[in-house]
Amino acid sequence: MDLMVRIAAQDGASAAALKELYGLTSARMFGLALRVTGNREWAEDALQEAYLNIWRIAGDYRAGISPPMAWMGVIVRSRALDFLRRRNSERADAAVELDEYLQDTIAGDGDDPLNMADASQQATALRQCLSRLDAKQREVVSLAYLRDLSHSELAGQLSLPLGTVKTWIRRGLTQLRDCMGRFAT
Amino acid sequence: MNLLRHPDLLDQIAAAHALGTLRGGARRRFEGMARENPGIRSRALLWQETFTAFTEIQPAMLPNPQVWQRIENLLPATRKSVLPAATTSADLLLTLRRALGLWRGAAVAGGLAAAVAVVVGVRLDQQLGQRDVALAQAQQQGEQLTAQIAAQARIEYVAVLQDDKQAGSVLVTFDPAKRALTLKRVGDYREGDDKSLELWALPPGQAPKSLGLLGAGAVARLTAAEGEVAPSPVLAITLEPKGGAPAGGGPTGPIVFKGALLKTEI
């Protein structure tokens with residue numbers, strides 16, 4: 001994606017290139033920010049900060065190393081986690097039922113706005129392997145990573161018994177490992 | 001217990017570490033083992049890379065159009081910088097503190113945005129004590145010293161070079177400030193007595209550039225300038241005649257290990 005090069009060029013066309021990048025990627029990145037924060041307003045703030053950050057550091061992006069979506073995803077998750085941590089101290093966090101999270105928790109290939117060449121091989125493998133998990137296991141494993149939650153934090157946020165969370169995570173990781181192992185060979 | 005003798009258990013722990021659910025003492029012990037042991041470290045890195053993909057597969061949602069308006073309005077005031085913006089000591093301390101505190105953590109404020117895997121890789125390889133000292137000094141001595149530490153400690157490179165069967169690997173770290181290129185062998189690959197392994201930088205559009213030979217030991221230390229290493233997105237190791245490929249002629253043997261070179265800033 002040569003957009004990064006054009007953004008990093010710091011010339012008159014850079015802002016237009018950032019706008020183009022935003023147009024191509026913001027829906028996917030906003031989806032990520034929303035999954036991390038669980039709150040539209042924070043997700044939008046995180047999105048704003050993330051793209052301003054990309055504007056500053058596009059020159060560090062190296063196409064040979066990571067696909068652009070993975071590189072931006074790391075930035076967006078980081079900003080979103082910052083907001084989540086900062087704001088969690090301000091709110092009385094009402095527990096959310098797991099079922100509220102359970103709609104459409106993995107993006108299908110079909111709604112990807114970008115050519116899959118922009119996604120990493122790992123993303124393709126992880127998507128397929130996650131889709132083989134039971135929906136609840138998939139959701140608990142995904143939220144553990146995306147929100148950086150411990151077993152007990154997950155149990156609290158999802159109103160589930162701690163033992164259930166531990167079991168689902170353990171089984172989910174075992175299945176993921178077996179599945180990802182098959183992808184690697 | 002030697003985790004390397006229990007690959008299933010190692011994978012289970014490395015996966016829980018990468019996911020973030022391995023906490024407390026277990027997490028610290030595992031990270032200690034990973035620092036000591038390249039085999040454990042490479043499993044930790046691979047799982048970290050795998051889970052980075054979680055950020056790529058979330059369902060898309062349209063943000064409010066006002067978000068772009070806000071970004072556009074802020075662009076003129078958002079200076080693009082060669083170094084990540086750490087213009088005040090407060091910013092920089094925050095950056096350092098996060099680098100110290102967020103093991104797993106993803107990108108650090110001010111523009112650390114290489115892959116998560118890299119951050120962890122470097123964390124695993126770094127001597128945490130030094131950073132603690134640096135942070136304490138920075139807090140005591142103010143902005144000037146803080147800036148110096150930042151200038152010295154900013155950039156490192158790491159690469160995990162794999163063979164095509166993923167049976168072995170070579171971990172590469174490069175500290176441009178010290179011009180120190182360190183290679184650690186993982187796994188039991190052995191070249192024949194009449195052969196040498198040679199490390200190459202592969203700068204785009206240019207001929208491969210030799211960075212030196214690996215000795216027979218587990219660790220090889222080479223010297224290289226940043227300009228020789230940094231422009232290459234990929235490093236590779238080839239199997240060459242004893243003593244290396246003829247000078248100036250490029251590699252003559254097959255690629256045994258290769259992998260992406262990742263830059264990170266702490």
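Mentor: Helices here are DSSP runs of H or I with at least four residues, strands are DSSP runs of E with at least two, and both are numbered from the N terminus. S196(B) sits in one such run, strand β4 (residues 195–201) of chain B. The model is predicted, so local features need pLDDT of at least 70 and side-chain atom pairs count only at pLDDT 80 or more, while totals for chains, interfaces and linings use all residues. Residues are numbered from 1 along each chain as its sequence is written, and chains are lettered from A and ligands numbered from 1 in the order in which they are written.

Trainee: Is S196(B) buried, exposed or partly exposed, and what makes it that?

Mentor: Count C-beta atoms, placed from the backbone, within 10 Å of its own: 20 or more others means buried, 12 or fewer exposed, in between partly exposed. S196(B) has 19, so it is partly exposed.

Trainee: Which residues does S196(B) touch, leaving out those up to four places away in sequence?

Mentor: E191(B), L213(B), E240(B), K242(B), G243(B) and G244(B). A contact means that two C-beta atoms, placed from the backbone, lie within 7 Å. For another distance, take A216(B): 20 residues along the chain from S196(B), with 8.5 Å between the C-alpha atoms.

Trainee: How do you know that β4(B) is mostly covered?

Mentor: Five of its seven residues are buried.

Trainee: What makes β4(B) and β7(B) a pair, and how do they run?

Mentor: Pairing needs at least two bridges found by DSSP between the strands. β4(B) has seven to strand β7 (residues 234–241) of chain B, and the two run antiparallel. With seven bridges against a cut-off of two, they pair. β4(B) also has five bridges to strand β5 (residues 209–214) of chain B, again antiparallel.

Trainee: Where does W200(B) find its partners in β7(B) and β5(B)?

Mentor: A236(B) is its bridge partner in β7(B). In β5(B), S210(B) stands opposite.

Trainee: How many bridges join β2(B) to β3(B)?

Mentor: Seven, between strand β2 (residues 169–175) and strand β3 (residues 180–186) of chain B, running antiparallel. V172(B) is partnered by L183(B) in β3(B). Strand β2(B) is mostly covered, with five of seven residues buried. Four residues lie between the strands of this hairpin, and R179(B) takes a positive phi near 55° there.

Trainee: Where do D148(A) and S159(A) lie?

Mentor: D148(A) is in the loop between α7 (135–147) and α8 (151–158) of chain A. S159(A) is in the loop between α8 and α9 (162–184) of chain A.

Trainee: What does chain A hold in total?

Mentor: Nine helices and zero strands. Of its 185 residues, 46% are buried. Among its contacts with a separation of 6 or more, 70% join residues 24 or more positions apart.

Trainee: How are packed helices described?

Mentor: By the angle between their axes and the distance between the axes. Axes are lines fitted to C-alpha atoms, for helices over the stretch in contact, and angles run from 0 to 180 degrees between N-to-C directions. Take helix α1 (residues 7–19) and helix α3 (residues 38–52) of chain B: their axes come within 8 Å and cross at roughly 50°.

Trainee: Why is α1(B) called oblique to α3(B)?

Mentor: Under 35 degrees is roughly parallel, over 145 roughly antiparallel, 65 to 115 roughly perpendicular, and the rest oblique. The roughly 50° angle falls in the rest, so α1(B) is oblique to α3(B). The crossing is right-handed. That word applies when the near helix is turned clockwise from the far one by less than a right angle; anticlockwise is left-handed.

Trainee: Which residues meet there?

Mentor: Among them are L10(B), A14(B) and H17(B) of α1(B) and I40(B), W47(B) and F51(B) of α3(B). The residues of this contact divide into nine nonpolar, three polar and two charged. Nonpolar means Ala, Val, Leu, Ile, Met, Phe, Trp, Tyr, Cys and Pro; charged means Asp, Glu, Lys and Arg; the others, Gly among them, are polar.

Trainee: How do α3(A) and α4(B) cross?

Mentor: Helix α3 (residues 40–57) of chain A and helix α4 (residues 65–74) of chain B have axes that come within 10 Å and cross at roughly 35°. Their crossing is right-handed. E44(A), L47(A), Q48(A), Y51(A) and L52(A) meet V67(B), R70(B), I71(B) and L74(B).
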